[in-house]
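Here is a short tour of one protein chain, from its overall build down to a single residue. Have a look at the model first, then read on.

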Amino acid sequence: NAACQRLRVTCASVKGDVVVARNQVLTNVTLPHLERAQAAVYVQDNTVLNTLSVPALAAVGASVLVADNGWGDLTVSPAPVDPAGGCVIGNGANVGTWLRVINNHAFYGLQLGVNSTGDELRIESNGAFMDGGLIAGLTLANGSFSVLSNSLLSALRVQLPGQSVAGIAGDCVVASNDNLGSAFFGSALFDIAGTLNVSLNRALEQLTLTAETVGLPSSDDALVHLNPSLANATLRELAQVGGSLNVSNCSSLRHLDLRGLAKVGANASVAGCGTSVPNAMESECLVGEAGGGMVTGAGAEVLETHGFDVLRLGLKSTGANATVARNGGLSGGIHVTALSSVNGTLSCSNNTNATALDVQLAEANATIAQNVSIRGNAALVSVVIDGASLDVGRAVEALDNPSLASLAMSTLRSCRDGGVRCARNALRELLLEGLTSVPGERGGVEVVDNSASSDAATVTNMSGVAAIGRAMDCGSDGVLFRGNSLFTSLLLSVRVANASVVIDTNSDFRRGVSVADVELLEGDLQVTGCTAAAPDPTAALNISGA
């Protein structure tokens, strides 16, 4: 219709299709009482349409398509946008197949009152919606839910009713929306059967999602990726991900809340986030921290993030390595709770500002299949790994941490193939008094070159004690305690060593040295070059055993 500018129809139902198409000057379509269309609803190719109102729509037998409206004469100017207009469809509508809102350029806002769709719900490539998008009452999208490439969409709010929510049967994708500032999916728990993908939204600052599961039973992933303005991501109700969890390259991220996460089928990763945050104070990353901790089918990692002051990681078990590495921030510490099993290496390395590592072991017998590695953390002052007995498959290493004053692993019981190595730290407290076994060709304990440095933090509350072993059996490397200047006493309990026990050139043993429980040393017992700045008159060298 070449001259029709406004259309108003007051019918309540249509037995066939509703089609409004190819009207060159139509700006306003209002169907105020339409509740039911037994076939489809198509509003398409209306050149200057900026207002579509179907507020009472409750049932559509087939599909709903709103597409290619409001283009205007693009060679001269786009269609005008009416702030009083927009696209309003539905009041708890049940759509038989799919619902698509695609390539519309003159709607000021979008409101969809949708209860369910039989297939996908897609909002894509729209050049308007400056007032945002609201989808209210959704209980089931029996296909994918996609919000893609809407260049001016300012906000997205998906309100789910408080109960009887089935969720999204396919993927949930919010991507490449250049002006999207906030995205909210909430008010009830729901499930996403496919992939969750929130990515490439360059203005997105706030993400809130109340999904309880993602990728079940499909083993699909949850991805929050390349949202450079994202400062706050709250997914605290998310409990299970069938595939991998990946939060990455969100350079402004300061708050990440995944505290309810209990199970990830593959890898769980937070990487490359917060790189543009100038100050990480009063910010935090919570992953699996609530309840009994997270179980991952593969590894768990926090890498190259700079926007968090505190990391709280509830980690029950991993199928591969557990790694916290190359992060800035974390001056409030790294706190791991509920740990019972790592089927790989537990690593904390090259974190420039982290001051503390606290790992609480949950089970009666915790295991780490390979190594415990603490390396190159410039500001790290204290390490505590405690709570339950711990067996390590290979080695425990604390190396090149210039401020590390205290290493407390009182419940460490054995290192089966590699022993304990502590070197080039600032240790003045070392608690390994539960260690009973460091067997094998590389089995032994080496504590060397731990002294004050220009980088070491001023620490006044450390005990000065090095307590190593409980009638310990050592392999071929024996015990070497050399070049340490900050300990005031050494308590060494070694039953058997297949090599020498050497205590050499330690400069402040003012409270004495004890070597206890000795039964068999295959090599030498050497105590040499040990001095004290201010000896205690009761200090002594005590050697005892069978």
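## Overall build

Let's start with the secondary structure: the chain has 57 strands and zero helices, where strands are DSSP runs of E with at least two residues, helices are runs of H or I with at least four, and both are numbered from the N terminus. This is a predicted model, in which local features need pLDDT of at least 70 and side-chain atom pairs count only at pLDDT 80 or more, while totals for chains, interfaces and linings use all residues. Residues are numbered from 1 along each chain as its sequence is written, and side-chain values use heavy atoms, with hydrogens and water left out.

## Dimensions and burial

Along the principal axes, the C-alpha atoms fill a box of roughly 105 × 40 × 30 Å. Of the 546 residues, 53% count as buried, meaning under 20% relative accessible area with a 1.4 Å probe and protein chains only.

## A look at N46

N46 sits in the loop between β6 (41-44) and β7 (51-54). Is N46 buried or exposed? N46 counts as buried, because its relative accessibility is 0%.

The side chain of N46 makes a polar contact of 2.9 Å with the side chain of N23, and another of 2.9 Å with that of N69. A polar contact here is a pair of N or O atoms within 3.5 Å; within protein, one must be able to donate a hydrogen and the other to accept it, and residues adjacent in sequence count only if both atoms are side-chain atoms. Leaving aside residues up to four places away in sequence, N46 touches V20, A21, R22, N23, L26, D68, N69 and G70, with contact meaning heavy atoms within 4.5 Å.

Definitions and conventions:
Buried means under 20% relative accessible area, exposed over 50%, partly exposed in between (1.4 Å probe, protein chains only).
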